[in-house]
Amino acid sequence: MKLALPLLAATAAFVAPLIAEARQVTFETTLKAYGGNGAYVALYLLDGAGKYKGTLWMAGDKTKFYRHLSDWTRASGGRLAEVDGITGASVGSGKTLKITVDIADALIDAGYKVHVDTSVEDGADNPSEVVAPLVASASGKPVAGDGYVKSFKATF
Amino acid sequence: MLRRLHSFAGLALALMLVAIAATGVGLSLKPAVDRLASPAITPGVSVAILTEAVAARHQRVDAIRVRGDGAVTVSFNDGAGKKVERVDPRTGAGLGAYQQSPTFRWLADAHRSLLMGDAGRIAVALTALGLLALSLTGALMLARSLGGAGALLRPVRGAAARRWHGEIGRLALAGLMLSSLTAAFLSATTFGLVPFAENPPPVVSASGGPAAPVGHLAGLAAVDVADLERLTLPARDEATDVFTLRTSMGEALVDPSTGGVLSFAPVSTMDRIDRWAIALHTGGSSWPYALFLGLSTAAAPVLGITGFLMWRRRRVAPRVMAPARIDEADTIILVGSEGGSTWGFAQTLSRALTDAGHRVSLAAMNDIENAHLRAQRLVILAATYGDGDAPASARRFLDRLGNLERRIPVAVLGFGDRTFPNFCGYAQKIVAALDAQGWPRLLTPKRIDRGSAQEFAQWGRDLGAALGCTLTLEHVAERPKTSAFELVGRETYGVAVGAPVAILRFAARALPRFEAGDLVGILAPGSDMPRFYSLASSQSDGVLEICVRLQPGGLCSTWLHNLREGERIEAFIRDNPTFRPVEGRSPLILIGAGSGIAPLAGFVRANEARRPVHLYFGGRSQSSDFLYEHELAERLAQRRLTTLRTAFSRHPFDAAYVQDRVAADALRLRDLIRGEAQILVCGGREMAGAVAETLETVVRPLGLDLAALKSNGRYLEDVY
């Protein structure tokens with residue numbers, strides 16, 4: 001899956017205006033075999049001061065459930081425009097969500113953090129269950145979440 | 001149109017409905033199961049107290065939720081990953097890990113999406129709309145066939161599939177409408193077709209002061225656990241984070257330091273509607289309601305099957321061969337049939353006319369055209385649908401009638417059910433239209449009650465007379481399966497007054513099921529046309545008992561009167577559910593004359609519950625044809641019969657008819673009718689007419705009329 005985040009490209013600074021100044025980063029989020037309905041998963045970027053920069057991906061297409069991704073909602077204001085064009089199906093138990101995003105060089109190794117919120121209907125809501133710094137040195141190193149995420153890794 | 005829509009939607013949705021209904025029935029058990037697992041939360045503990053108790057046991061608590069299934073759960077992390085446990089809502093004590101039932105989860109998924117994701121969800125949503133359409137059109141059709149919206153509670157009559165479809169459909173109607181309407185709404189919210197429901201409070205930051213003990217936060221102490229939906233605790237590492245407290249009233253943000261409510265957003269109207277829809281659809285916390293929905297849903301497959309049977313029965317094209325081509329025919333028989341039985345009568349008529357030398361052609365009433373008018377006459381056989389509506393094969397008839405070029409002589413024969421208030425209503429509409437348009441009458445219009453072969457034969461004689469030929473109409477709907485019964489007893493009355501009536505009792509090795517008031521059809525040797533007699537006994541009496549009046553020249557009655565004990569007859573039972581006392585303890589007024597006493601005596605005999613029963617009997621002579629005299633005296637002593645009034649038309653000094661007794665007892669009868677009494681009349685047509693006339697004057701001061709009593713089943717006639 002290759003994503004250019006067209007909407008954010010125009011508004012947010014973290015995506016390169018020109019591909020030459022950007023790098024392809026692959027985010028892999030593998031869920032535990034929790035055995036329930038598909039999980040809603042939001043990946044988004046905050047800066048060093050905790051300020052929202054933009055959403056990388058929203059897995060789950062029923063907007064009425066987005067409120068259960070509470071940190072994402074708080075950070076982004078819950079605006080649907082934030083996920084326009086970057087939503088997909090929810091992620092099944094034990095499955096992996098793999099996305100590739102072009103990210104501006106200026107955002108890498110600059111104190112930004114990737115947050116992952118998850119939520120399962122009739123299960124738990126896990127705001128920011130993964131918080132991983134966007135640093136090249138962490139490439140390919142898995143981090144565990146404390147909710148449904150078994151492992152999360154970014155590959156630069 | 002209404003019916004076509006109903007049939008089409010029903011067939012298309014049948015399979016989907018079965019799958020969705022089956023899972024729905026399973027899910028309807030969930031609230032009851034949940035309630036057993038999680039008792040209702042009793043008020044008295046505040047959210048602050050509960051949170052304090054829970055927080056004392058864990059390093060980090062993320063959220064406390066009161067789930068849809070009634071369980072109170074806590075998600076926490078004690079360093080070994082995030083876990084969810086159930087807690088006691090009063091003490092906060094842990095009750096072990098919380099787990100959803102995989103069975104119910106699977107059922108819910110199958111019910112909502114047929115395990116096929118969004119494609120399945122769309123299919124389910126369309127099915128819900130289809131079910132809604134079926135419920136609405138079904139209710140309208142039922143009301144129409146029973147005679148209007150106010151008649152929706154009347155007994156449903158007709159063939160078994162039709163009766164079951166109507167009775168079950170009526171019971172399930174409310175549940176199915178609620179289920180389908182809420183399902184359609186919930187689907188619309190899932191696909192974002194209705195505005196977003198939740199109304200989040202404005203985001204605010206906490207005061208940033210040191211966190212106070214949870215148990216002392218005023219904003220949390222003010223809310224009872226019984227009202228809680230969800231409490232999200234502030235993140236540990238963020239001083240500005242707040243408590244998010246959601247209740248059925250709305251969502252509040254509570255400062256972790258001061259305990260004050262920083263902002264509050266009441267539940268929006270859309271959210272409230274959404275919650276109502278979910279509760280109405282799933283049963284929410286009311287398990288009896290959920291079971292009611294489940295039962296209604298379980299009716300859906302039964303309705304599908306009975307509906308399919310009705311549809312197939314209607315579709316089976318009657319195999320009727322026209323003996324002559326339209327352009328050669330002198331007589332055209334036009335048929336307005338609903339279930340196909342009128343085509344059978346048309347076939348019998350067509351054969352008899354052909355035998356009598358006529359050239360006959362047949363057509364559906366809907367197909368009437370100018371080509372038919374080159375014949376010398378039309379014979380219209382018209383059934384009625386519901387309360388005077390056109391049957392299936394006659395729906396366009398009246399529209400086409402006015403545009404025809406010529407007028408030729410017409411005979412109209414109506415088929416209907418006398419127990420309906422508007423007997424042969426459609427045939428009467430046709431007669432009125434024909435008269436208004438100046439069509440010459442070939443014959444006075446007649447009406448046939450419940451497919452009576454005798455009445456049909458009589459009409460055939462009249463038609464033959466009008467055509468100058470002899471017409472013998474021996475109509476057999478279908479020769480029924482008979483079994484043998486042996487005559488075991490007889491009493492003969494009325495010989496002295498010239499009106500012999502025999503009470504005949506028959507036995508069989510295994511008696512079929514029947515009740516007093518049902519009919520027995522008897523085939524006399526050499527005849528295919530059964531004669532029907534009302535039964536005076538029930539299966540439990542061990543004999544089949546009838547009263548047979550000797551008809552001068554009557555084939556069957558003469559044969560029965562000459563039958564000797566030990567001889568056998570071929571007979572079959574026909575249900576007669578339209579002539580039966582209502583259940584319960586309300587009084588019965590039974591009125592009968594001559595052999596019409598038979599079913600009434602049977603009702604008295606079966607009155608083990610000793611409900612009040614008042615019998616009026618009319619005969620000719622007390623000494624000669626007082627049928628059941630001794631048995632009725634015994635029943636009076638047993639209190640199975642409350643009062644008995646008799647009238648004898650040849651009494652030396654007190655000659656009277658049964659209607660005279662009815663008139664004399666007007667005051668008493670009025671009291672009984674005010675007390676919800678039901679009236680059952682059995683006997684000859686003349687006597688029934690006189691009784692009806694008398695009763696009309698009896699009930700008028702009550703603001704009632706017989707048509708109204710008839711329509712709600714409180715005045716029943718079995719007339720021959």
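**Figure 1. Contact between chain A and chain B.** In this predicted model, 15 residues of chain A are in contact with 18 residues of chain B. On the side of chain A that touches chain B, the elements giving two or more residues are helix H2 (70-76) and strand E8 (125-133) of chain A. Sorted by class, this side of chain A has seven charged residues, seven polar residues and one nonpolar residue.

**Figure 2. Confidence along chain A.** Chain A has a mean pLDDT of 83, and 87% of its residues reach 70 or more. Among the elements of chain A, strand E3 (residues 39-46) has the highest mean pLDDT, 94. The lowest, 35, belongs to helix H1 (residues 6-11) of chain A. Over residues 1-13 of chain A, pLDDT stays under 50. For residues 1-13 of chain A the model has 22 contacts beyond four places in sequence.

**Figure 3. The antiparallel sheet of chain B.** Eight strands of chain B form an open sheet, and their order is E4-E3-E2-E1-E5-E6-E7-E8. The pairing in this sheet is antiparallel. Strand E4 (94-97) and strand E8 (261-266) of chain B are the edge strands, and each pairs on one side only. From one strand to the next, the twist averages 20°. As a detail of the pairing, five bridges join strand E2 (residues 72-77) of chain B to strand E3 (residues 82-87) of chain B. Within this pair of strands, B:Ser75 has B:Val84 in E3(B) as its bridge partner. Helix H3 (residues 47-57) of chain B lies across several strands, including strand E1 (60-66), strand E5 (228-232) and strand E6 (243-247) of chain B. Helix H3 of chain B runs at about 140° to E1(B).

Figure 4. B:Leu231 is found in strand E5 of chain B. Is B:Leu231 buried or exposed? B:Leu231 has 27 other C-beta atoms within 10 Å, and is therefore buried. Leaving aside neighbours within four places in sequence, B:Leu231 is in contact with B:Val47, B:Thr51, B:Ala63, B:Ile64, B:Phe243 and B:Leu245. B:Val47 is 184 residues from B:Leu231 along the chain, while the C-alpha atoms of the two are separated by 8.5 Å.

**Figure 5. Two crossing helices of chain B.** Two packed helices are described by the angle between their axes and the distance between the axes. For helix H5 (residues 117-146) and helix H6 (residues 160-190) of chain B, the axes come within 8 Å and cross at roughly 145°. The crossing of H5(B) with H6(B) is left-handed. Among the residues that make the contact are B:Leu129, B:Leu132 and B:Ala139 of H5(B), and B:Gly169, B:Leu173 and B:Ala184 of H6(B). The residues of this contact comprise 14 nonpolar, seven polar and two charged.

**Figure 6. The parallel sheet of chain B.** Five strands of chain B form an open sheet in the order E22-E21-E20-E23-E24, with parallel pairing. Strand E22 (643-648) and strand E24 (715-719) of chain B are at the edges; each has a single partner strand, so one side of each has no neighbour in the sheet. The twist from one strand to the next averages 10°. Strand E20 (residues 588-593) and strand E23 (residues 678-683) of chain B run parallel and are joined by five bridges. In E23(B), B:Gln678 stands opposite B:Leu588. Helix H15 (residues 597-605) of chain B lies across E20, strand E21 (613-619), E23 and E24 of chain B. Helix H15 of chain B runs at about 150° to E20(B).

Note on methods. Residues numbered from 1 in each chain as written. Chains lettered and ligands numbered in written order. Predicted model: local features only at pLDDT ≥ 70, side-chain atom pairs only at ≥ 80, totals over all residues. Pairing = 2+ DSSP bridges. Helix = DSSP H or I, 4+ residues; strand = E, 2+ residues; numbered from the N terminus. Axes fitted to C-alpha atoms, helices over the stretch in contact; angles between N-to-C directions. Contact = placed C-beta atoms within 7 Å. Nonpolar A, V, L, I, M, F, W, Y, C, P; charged D, E, K, R; others polar. Left-handed = near helix turned anticlockwise from the far one by under 90°. pLDDT = per-residue confidence, 0-100. Buried ≥ 20, exposed ≤ 12 C-beta atoms within 10 Å, placed from the backbone.
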